[in-house]
Amino acid sequence: MSDCLMARGDFPMGAIFTGTTDQKNMNNTLKTYQDFQEIFGDEIDNPDRQVDFEKMIEWSTIFEDREIFKLKLAELNWLTSEQLERVSKKTLSGLGATVPKTINAYC
């Protein structure tokens, strides 16, 4: 990522990224983002929904019981019943759902 940003001229001295398992490569499949894109379409890029998408990921990791997860999802009153059902069946992880456009915009 740092090499990519330097090549684009965004960070002439390079950027330091921490917390990744591989300091040279971005080893994220963006699976959660792809799953959400299938379910929500262009809505995945709506800044007004980003906090809710992060909540969905968090709840999925906290509530292993799918019924409790569904109850939490129901708190998001903008979800359709189909979206709620589809999300509740997913095992979500990481922040792959909400940042790939930012990453892909640079690389």
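**Exercise 1. Decide whether Asp52 counts as buried or exposed in this predicted model.**

Step 1: Start with the number. The relative accessibility of Asp52 is 12%.

Step 2: Compare it with the cut-off. A residue is called buried when its relative accessible area is under 20%.

Step 3: Conclude. Asp52 has 12% relative accessibility, so it counts as buried.

**Exercise 2. Find where Asp52 sits and what it touches.**

Step 1: Asp52 is part of helix α3, which covers residues 50-62.

Step 2: Look for partners further off in the sequence. Leaving out residues up to four places away, Asp52 touches Leu76 and Trp78.

Step 3: Check how the side chains meet. Those of Asp52 and Trp78 are joined by a polar contact of 2.6 Å.

**Exercise 3. Sketch the make-up of the whole protein chain.**

Step 1: Count the elements. You'll find six helices and zero strands.

Step 2: Write them in sequence order. The pattern reads α-α-α-α-α-α.

Step 3: The chain has 107 residues, and 30% of them count as buried.

Step 4: See how contacts span the sequence. Take the contacts with a separation of 6 or more: 50% of them come from residues 24 or more positions apart.

**Exercise 4. Work out how helix α2 is oriented relative to helix α5.**

Step 1: Know what to look for. Two packed helices are described by the angle and the distance between their axes.

Step 2: Read off both values. The axes of α2 (residues 31-40) and α5 (residues 81-88) come within 10 Å and cross at roughly 160 degrees.

Step 3: Apply the cut-off. Angles over 145 degrees count as roughly antiparallel, so α2 and α5 are roughly antiparallel to each other.

Step 4: α2 passes α5 in a right-handed crossing.

Step 5: Name the residues. On the α2 side they are Glu38, Ile39 and Phe40, and on the α5 side Gln83, Arg86 and Val87. Sorted by class, this contact of α2 with α5 has three nonpolar, one polar and two charged residues.

Methods:
Residues numbered from 1 in each chain as written. Predicted model: local features only at pLDDT ≥ 70, side-chain atom pairs only at ≥ 80, totals over all residues. Heavy atoms only, no water. Helix = DSSP H or I, 4+ residues; strand = E, 2+ residues; numbered from the N terminus. Buried < 20%, exposed > 50% of the residue type's maximum accessible area, 1.4 Å probe, protein only. Polar contact = N/O pair within 3.5 Å; in protein donor to acceptor, adjacent residues only side chain to side chain. Contact = heavy atoms within 4.5 Å. Axes fitted to C-alpha atoms, helices over the stretch in contact; angles between N-to-C directions. Parallel < 35°, antiparallel > 145°, perpendicular 65-115°, else oblique. Left-handed = near helix turned anticlockwise from the far one by under 90°. Nonpolar A, V, L, I, M, F, W, Y, C, P; charged D, E, K, R; others polar.
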